[in-house]
Amino acid sequence: MIIDTENLRATELRLGLPGADEEAPAPAAPAPDRPARGCKRLMTETGSEESGSKIEISEDDRAPEARVASKAQVVGWPPIRANRKNVFQGRKAEAEAAGGGGGIYVKVSMDGAPYLRKIDLKLYKSYEQLREALEDMFKCFTSGDFSSVTVGGGGSNYAVAYEDKDGDWMLVGDVPWRMFMSSCKRLRIMRGSEAKGLSPNS
Amino acid sequence: MREERSERSEMSENGDGDEGKDVRWSPDPGGTAPPKCRAAAGSPGGAAVPPPPFSDQVLENVLENVLCFLTSRSDRNAASLVCKSWYRAEAQTRLELFIGNCYAVSPARAIDRFRRVQSLVLKGKPRFADFNLVPMGWGARLSPWLAAMAPAYPWLERICLKRIAVTDEDLSLLACSFHSFRDLSLICCDGFTTIGLAAVAGNCRHLRSLDLIENDVEDDEDEVVDWVSSFPPGKTCLESLIFDFVGCAVNFDALLALVARSPFLRRLRVNEHISSDRLYQLMTRAPQLTHLGTGAFSSSVEVGDFEESLESAFLSSKSLICLSGFRDLAPEYLHTIYPVCTNLTSLNFSYAQITAEQLKPVITRCHNLQTFWVLDSLGDEGLHMVAATCKKLRELRVFPVDATEDSEGFVSDVGLAAISEGCHELRSILYFCQRMTNAAVVAMSKNCQELLVFRLCIMGRHRPDRLTGEPMDEGFGAIVKNCRKLTRLAVSGLLTDRAFAYIGLYGKLVRTLSVAFAGDGDLSLRYVLEGCPKLQKLEIRDCPFGDAGLLSGINHYYNMRFLWMSSCKLSLSGCKDLARQLPRIVVEVIRDSSEDDNSDAVGKLYMYRSLVGPRNDAPPFVKIL
């Protein structure tokens, strides 16, 4: 899966002076090697909901040897079974939703946009309505169209992907709407070119 | 023949092989068994009398009667190695068949040896499958086992499956094949839906327990079957009904009626769709319950006096010793459980984000608690309370509310030290945290000498001692050194080769070891493989261990159930070398779809001893070397 690192970091909301990147230096000698092939599916774990970026910069380590260049969330770590993880992510999403009423709120991020939006999936009855809403919401950032939402990927400027409760990223539009609503945890509008890496199946 | 015998003794799939045992062979009695009753009760005359021709048969019958009393599988394995006669007698009398790795032996072989099995325990996928490290479709299917057992063990009563792929067809076949079937236990299984559950409920007339524990029951919302209604009418034999993680709601009226006509029901764990206003109704119809899973423990109903009803339901539940559920806990209802607290031996709050403040009135009443599962939201403060009251505590699990590396983490070394000071009877601990010190771990090693299981997960990778900045070597070293009974260990934090040297030096009883993001190099792996004679299960991820480390264990892999190594520094050539040297080990290399097929690097290695060689159901992403 192709990950647009630079843009993601650019869309991250953080407190701090612009340009003050807290990227730590490469680990010194005694540090255990982090094998490059160790973190293959970097994007599949849902990180803390607060940060919009998938790449979290470590701020916590004391010993310089222990710091690594960038701490991406790793598959299967910490070792918690899926059913436990999902319960709390679900609840966090609910807690974040201001004035609940049972809406299904998910964050929507878009490549190149400086901030995230949040939408209530319950307001829409179909993918078509969702597509229109997204187009509306993000039209100031783009000149393209979202016609790929139902088709899934090829040919247009943008594609919409969603993260399901297992942490996998899939193209929007493949599963029945209701199933999508119950399993979607967040949305991401990505450039059409990157969407080619995504398969519709989990 | 001899070779086959020693191969069996080294690699008995039931674990504990005995190497170098002197195998005596008794003469084969041969032919048909002579009639028993011709006793040569003492022939007259002084002539030497040859032993009566049927004595071996009699001996075998006597033996069978005696061996019936052996229940532990390691004892049985030992007995089966004494001689052929004992081997046969043991095979005839083994009632519970435990298969720790479904690929270590084939169904045909198992059935051929053990003819009278009543109970089967079968384990499939490696544990790391729980954390998404094993791709879907890897294997461990029940179907071939069921197909073989249905004709062979028609009197089978119990099946317990862990991490096995079970389909609805399997469940239907199971329900129809075994007429005295009583107990079904599915743990971390997947592939079935409510259709399969309905088949079991409907066809197993003597069903005593249906325990569905942490399975992935995948139902399309539109296709949910009302399995609870499938239970036949009339009194049931049900003693245990556990469905706390079955995702879809059940027919409540049917459930209520079922509970009402199940006078033997002792364990009932309902899923989160059952709210408190319904829970009390269930409880009132089953005051004899010993184990209760409370479902949501909140209510969507705005008004109602069910709170009082809930209170009185708990008051009447004099036998309750185990409480769980609380999936959506409304803290204002917590007081209703006070009456049962003092009898509780097991309490599971691990789905309730409860604070120390909220926990206090509950935990201070739980003097007899032996097992406690909780979320780290209780904080170090909450752990102090536990330590102060629960002097009989044997098992503690503290799970993180936010299971990410950079989460805040509400418990630390302070909580761990407190527990160690208060709970000297501790046997087993699983502790997720973000901050830890060697001192606290050392303290636990000294205070809790009964520890069998120590699993510490410092969620931030490579994190050192938060006070000294040093690696966590000394802490884990103290655990293996001081806790002489330790059989299971999971390590984390910043660890060098030194930690593994300690494990190899002191961990003489360790059977299961889990390692992640640790060690400096191959030496670590060598220390463990050479130092731990009882090691059975070794799971490693993201450590800098390469081919040299892997090969250092060549003399030990036949004693182990399996080795898992993912994201280490193994190469295909190294693994091939190993596979060549160990013909009875199945070496699987699992490729992720994103991996380059041509590279020599091995992403995931899973290897295990097997009596039957490579399996024939491996999916395309598994390469068997």
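## Annotated span in chain B

Residues 116-161 of chain B have end C-alpha atoms 19 Å apart, and the span is 22% helix and 20% strand. Helices here are DSSP runs of H or I with at least four residues, strands are runs of E with at least two, and both are numbered from the N terminus. An unreviewed UniProt entry annotates residues 116-161 of chain B as "domain: Transport inhibitor response". UniProt positions follow the numbering used here, feature names are shortened, and annotations may be inferred rather than shown by experiment.

## Basis and confidence

The model is predicted: local features need pLDDT of at least 70 and side-chain atom pairs count only at pLDDT 80 or more, while totals for chains, interfaces and linings use all residues. Residues are numbered from 1 along each chain as its sequence is written, chains are lettered from A and ligands numbered from 1 in the order in which they are written, and side-chain values use heavy atoms, with hydrogens and water left out.

The complex has an ipTM of 0.82 and a pTM of 0.74 from the predictor. For chain B the mean pLDDT (the predictor's confidence in each residue, from 0 to 100) is 88, and 89% of the residues score at least 70. Within chain B, confidence is highest in strand β15 (residues 488-490), at 98, and lowest in helix α1 (residues 2-11), at a mean of 37. The pLDDT is below 50 over residues 1-46 of chain B, a stretch with 69 contacts in the model beyond near neighbours in sequence; contact means heavy atoms within 4.5 Å. Where pLDDT is low, predicted coordinates should not be read in detail.

## Packing of α10(B) and α11(B)

Helix α10 (residues 276-285) and helix α11 (residues 306-316) of chain B pack at an angle of about 35 degrees, their axes 9 Å apart. Axes are lines fitted to C-alpha atoms, for helices over the stretch in contact, and angles between N-to-C directions run from 0 to 180 degrees.

On the α10(B) side, S276(B), D277(B), L279(B), Y280(B) and M283(B) meet F306(B), S309(B), L310(B), A313(B) and F314(B) of α11(B). By class, this contact has seven nonpolar, two polar and one charged residues. Nonpolar covers Ala, Val, Leu, Ile, Met, Phe, Trp, Tyr, Cys and Pro, charged covers Asp, Glu, Lys and Arg, and the others, Gly among them, are polar.

## Two buried residues

A499(B) is found in helix α18 (residues 497-506) of chain B. F138(A), in helix α3 (residues 127-138) of chain A, is buried at 0% relative accessibility.

Key. Buried means under 20% relative accessible area, exposed over 50%, partly exposed in between (1.4 Å probe, protein chains only).
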